[in-house]
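Reader: I have a new model open and would like to learn how its labels are decided. Could you take me through a few of them?

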Amino acid sequence: MNYMIVSGRVLLGLVFLCSVVGKVRSAEAYQAFRLAVARLAPPLRRRTKAVAPLVIAAEAAVPAALVVPATVNVGFATATALLLVFTLALAGVVRRKESATCHCFGGSDPVAPRHVARNVLLVGVALSGLVEGFTTAETAAGSPAGLLLAVGGGALLALFTVTLDDLAHLWGPVDIEEAGA
């Protein structure tokens, strides 16, 4: 068993699952996501009514594909494609110095270079899983301890990824006015 693939499956599966839940958890969250699509991808500004549900459906397909052993490569390929598109959109906002939110996980923080970096790393995980999945044959089940470590590591990385904005606020500079001093 390739524990790196297991960790990547868990990481990407949870990240995409949280992304979907963040967008569909309420009517307000969904509407905010639709508005974010218009800001992140200006050519799609008039098509957000059709694009938003397609993005959510594609995102939902990733964890579903990563769970089923026969479709893991489809999951990694879909994750790679989506993450590349998302990364380009985020990088475009940063490059244009626009103020836009991505609502990646339902949050409302403005797009920042950390979002681009996060996505670049996720693209690397997805591509690594895809390449590894095509180049190695599945072997024995592996040890329970190794599997637990791989799943736990992937889950921990997913938690870090999903809470990146919260962590940035926690570890970032303190705004004296915001802190109430």
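Author: Gladly! Let's begin with helices: these are DSSP runs of H or I with at least four residues, while strands are runs of E with at least two, and both are numbered from the N terminus. The model is predicted, so local features need pLDDT of at least 70 and side-chain atom pairs 80 or more, while totals for chains, interfaces and linings use all residues. Residues are numbered from 1 along each chain as its sequence is written, and side-chain values use heavy atoms, leaving out hydrogens and water.

Reader: Where is Lys97 found, and what makes Lys97 count as exposed?

Author: Lys97 is found in the loop between H4 and helix H5 (113–135). Buried means under 20% relative accessible area, exposed over 50%, and partly exposed in between, using a 1.4 Å probe and protein chains only. Lys97 has 76% relative accessibility, so it counts as exposed.

Reader: And why is His103 called buried or exposed?

Author: His103 is also found in the loop between H4 and H5. Its relative accessibility is 12%, under the 20% limit, so His103 is buried.

Reader: How do you know which label Leu17 gets?

Author: Leu17, in helix H1 (residues 3–24), has a relative accessible area of 43%. That value lies between 20% and 50%, so Leu17 is partly exposed.

Reader: What makes Thr80 buried, and which residues does Thr80 touch?

Author: Thr80 belongs to helix H4. Its relative accessibility is 7%, which is under 20%, so Thr80 counts as buried. Contact means heavy atoms within 4.5 Å; Thr80 touches Ala126 and Leu127, not counting residues up to four places away in sequence.
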